[in-house]
Amino acid sequence: MTDIRDRQADIIVVGGGLVGSAIAYGLTRHAPRVMLLDEGDRAFRATRGNFGLVWVQSKGDGAPHYTHWTRNSQERWTDFAAELKARTGVDTHHENDGGLTLCLSEAEFLDRRALMERHRRDAGNRGFEYKMLRLPELRELVPEAGDSVYGASFTPYDGCANPLFTLRAVHEGFDQLGGIYRPDHAVVAIEHKDGIFRLETRHGTYEAPRVVIAAGNMTPGLARQVGLEIPLNPQRGEILVTERIAPFMRLPTQNMRQTVEGSIIMGDSKEDVGFDTATDTGVISDIAARAVTAFPILRDVPVVRAWAALRVLSPDGLPIYAESQTCPGAFATICHSGVTLAAAHANELGGWLMGADRPEAIAKLGPERFHVS
Amino acid sequence: MFRRLETAGRVETVTVSVGGKPVTLPRGETAAAALVAAGEAVGRTTPVTGAPRGPYCMMGVCFDCLVMIDGAPNRQACMIEIREGMRIDRQDGARRLGG
Ligand SMILES: Cc1cc2nc3c(=O)[nH]c(=O)nc-3n(C[C@H](O)[C@H](O)[C@H](O)COP(=O)(O)OP(=O)(O)OC[C@H]3O[C@@H](n4cnc5c(N)ncnc54)[C@H](O)[C@@H]3O)c2cc1C
Ligand code: FES
């Protein structure tokens, strides 16, 4: 029999993907009893199917507050990875040597330069360094770039991490910090009474005065039960993985990177297909063809796996951090780029979720921005 | 270590080379079978740690049987039928591109 105390916490996070678990990890510094409830393998789980970039360039065109938030996280990532490694022994394979976005024509190159220049202008005093490289300069970094590549943008901020090792490290860290993790605990209903949230699962009811819904694509239905409207559209992305080959890609690009183990991961498809995680041979062959255009030496390298996963996207593509007015103590969050933002989620949200003021950095990332008045 | 089950009647055979050594087997067998018939437990070393690996599942799922076949790297030996004159060689570490 479980003790009643096993069912109570100071705060419960619903959703054990990278967003929920990074938040829960950070919360252990602010509350003694943090509980994390997760559904399981049948759920849609973006964290298990993503690309693993810790990416800055191109984030937040026209929304400098999002670029800043992204850079806050990117700047914290190196320490975050070191902390996880020291605490758990798990290496997240974080790299921060910069990243490239390849341009296949002069027009793309000029558009890209204009975007980089807007980022520089919006960054103000913080500065935003970038370089536009034409093919010969690009080849000094990656000699294997193909003849059809016109050039690339480079920023030193970009990098990558292994999303699965990151998830594992965050979970182990959470456990070591005294967090309580309950897998196979899908929350089916949330009730708010006398200042306490009661979360119903098939293993019984869990209680806390505070709750954070971070259930990825399943967030809206749960958030509604605590008075929050979270607009969201899943977006499918497909990823291909090649066999392991000796290292040649020194830097990740927006849609290709080489893992520490040697596999090339590629893909950046954006498909509006609802809740469907099937793969599509047409999309797969486009991804492969584009990879071969970028790096012709990949021509005869076999692809050994392919999969699809659903991005968790708000209508403007930016994260949503929401606090309920009708049910005080309830929060909900969704975001694309949960890998990139993991270090910010682990470090900057805990105080707010336990009752302090909302961090200025996310002031413009509430759901109010979608309300038409 | 491995012993072949007897089959009835005459079988047609094929000769391949395993690390330069000729090995004769019944037609229809796989490159992985040729490897074990030649007494080679190890067909490759892994790209990450250099650990030795050899055919294991014999049904295309574990990828431990990767070898060089006729000079091409990362071939799944258990899924490839032998041909007369096929060259099967050990593969050390990760495949190098353009080399
Ligand atoms: C193809 C693709 C590529 C991507 N590439 C990148 C990238 O390069 N860099 C980057 O930063 N981001 C990338 N992303 C985005 C990133 O994967 C997501 O932002 C992130 O994983 C979202 O994490 P999450 O925890 O919100 O959601 P999920 O990982 O989906 O987790 C949600 C969790 O909630 C649980 N859950 C659901 N319902 C319930 C319930 N009722 N009760 C309890 N638990 C529940 C599920 O079990 C699941 O574990 C990519 C996404 C995709 C699809
Ligand atoms: S022996 Fe397992 S894939 Fe060949």
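A polar contact is a pair of N or O atoms within 3.5 Å; within protein, one must be able to donate a hydrogen and the other to accept it, and residues adjacent in sequence count only if both atoms are side-chain atoms. This is a predicted model, in which local features need pLDDT of at least 70, side-chain atom pairs count only at pLDDT 80 or more, and totals for chains, interfaces and linings use all residues. Residues are numbered from 1 along each chain as its sequence is written, chains are lettered from A and ligands numbered from 1 in the order in which they are written, and side-chain values use heavy atoms, without hydrogens and water.

**View 1. Backbone contacts of ligand 1.** A backbone N or O atom of A:Thr340 lies 2.8 Å from a ligand 1 oxygen. For A:Gly52, the corresponding distance is 3.3 Å. A polar backbone atom of A:Val19 is 3.1 Å from an oxygen of ligand 1. The protein covers 96% of the 1,000 Å² of accessible area that ligand 1 has on its own (Shrake-Rupley method, 1.4 Å probe).

**View 2. Strands S2 and S8.** Three bridges join S2 (residues 34–37) of chain A to S8(A), and the two run parallel. Strands are DSSP runs (E, at least two residues), numbered from the N terminus. A:Met35 stands opposite A:Ile180 in S8(A).

Notes: Pairing = 2+ DSSP bridges. Helix = DSSP H or I, 4+ residues; strand = E, 2+ residues; numbered from the N terminus.
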